[in-house]
Amino acid sequence: LVARMRDFGTTIFAEMSALALESGSINLGQGFPDTDGPASMLDFAVQAITSGGNQYPPGPGTIELRRAVSGHHADHYGLSYDPAGEILVTVGATEAIAASVLALCEPGDEVIAFEPYYDSYAASIALAHAKLVPVTMRPVAGRFTFDPGELRAAVTPRTRAILVNSPHNPTGTVFTRAELTVIAELCQERDVVAITDEVYEHLTFDGVEHIPLATLPGMRERTLMISSAGKTFSVTGWKTGWVCAPAPLVTAVQTVKQFLTFTASGPWQLAVAYALRHQLDWVSALCSGLQDRRDRLMEGLAAAGFGVLKPSGTYFVQTDIRPLGFSDGLELTRRLPELAGVVAIPTQVFYHSPERGRHFVRFAFCKREHVIDEAVARLKRLS
Ligand code: PMP
Ligand code: GLN
């Protein structure tokens, strides 16, 4: 293995999901729902397979999905992207992020990411021989945010791009317009490209609204706007994503993408295109159900003795383990199956300097109520 990848080992999600299976624990670690997406969308995928949609789709993706993404962005955000040239379908958001970083960064270029960050960011940046520059988010009045001065100080003449994930995994923060404005102004002042990861765009709570960075003045032309179907339609295994941007940026990403995977699987694209057009009411219902399950898990975790931070979006709750007398989340999550029969994710693995996230543990609430209740009952054994 090349030196720059040696520190990456196995992803925490694979490690913890294997631990859950092996120990028979309840898995509140890896973020995937335990119920299916809309039945009519699943039927659509079956139909696409049985009616012959099984050969290579066009490199940029099926025109049906590119049109559906275009319509979705116009209806929801007032953003206009041309299906011919401004939208590229990818193998999940993961490939869109990797291909974007590989397409934009020369060796030694810097990419800013808000820490804690989703694990694929650091690996994609390393693959590109670029350098990740972290800007730390810390809880202020129970909500993780960043210091605009620290963000400003992180920009150097080598800064090529900034990765902006909102709603943010693993903290659950949904960036406000004020926070996005700070980022937008800096991108324009310092000629930085934004790569946005919006995979949780539809999963926000308490009336909090997701605002795409590309909708801010001057940002559409310098943003690669990325999302995928996995979270929106509860099909994390379908790995169907997309990136929208002005044509020169999309062409750059497609140049890389065509040699990573050439194209993404066809049947899922047709089913997701259908769902983007006809199943958004289903997504609203999913979201209000998730909010109830968030509240249920938060209440349970607090009763079990955790410090609990309230997320405004995503599938995840952050907890502080110090009130229970623990100090290291990695150590605790490795022992949690034996202590309580539950699996969670140590937040420190999403930090450039793990020390800063040592006392946080992430729990997923995208599970059925009885699963959450059973996990909480077990976690109460800790105190
Ligand atoms: N970004 C974030 C923040 C995520 O949580 C995930 C996991 N779903 C991804 C990207 C990857 O998305 P996909 O499965 O579409 O590749
Ligand atoms: N996005 C999911 C999470 O944060 C996991 C995805 C993966 O397993 N790579 O839990």
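**Close-up 1. Ile112 and its bridge partner across the strands.** In this predicted model, Ile112 has Ile162 of β7 as its bridge partner. Take a step back and you'll see strand β3, residues 110–115, joined to strand β7, residues 159–165, by 4 bridges. How do these strands run, parallel or antiparallel? They run parallel.

**Close-up 2. Helix α5 on the sheet.** Here's the helix made of residues 119–127, α5, which packs on the sheet. Which strands does α5 touch? The answer is β3, β4 and β7. As for how α5 lies, its direction makes about 150 degrees with that of β4.

**Close-up 3. The open sheet, strand by strand.** This sheet is an open one with 7 strands and mixed pairing. Read across it and the order goes β2-β10-β9-β8-β7-β3-β4. Why is one side of β2 and of β4 left without a neighbour in the sheet? Both β2 (87–90) and β4 (131–136) stand at the edges and have a single partner strand each, so one side of each has no neighbour there. From one strand to the next, the twist averages 20 degrees.

**Close-up 4. The residues around ligand 1.** Now for the ligand: 14 residues are around ligand 1. Coming nearest are Gly92, Ala93, Thr94, Asn169 and Ser228. Helices α4 (92–104) and α8 (229–232) each bring at least two residues to this shell, and the largest share, 3 residues, comes from α4.

Notes. Residues numbered from 1 in each chain as written. Chains lettered and ligands numbered in written order. Predicted model: local features only at pLDDT ≥ 70, side-chain atom pairs only at ≥ 80, totals over all residues. Pairing = 2+ DSSP bridges. Axes fitted to C-alpha atoms, helices over the stretch in contact; angles between N-to-C directions. Contact = placed C-beta atoms within 7 Å. Near = placed C-beta within 6 Å.
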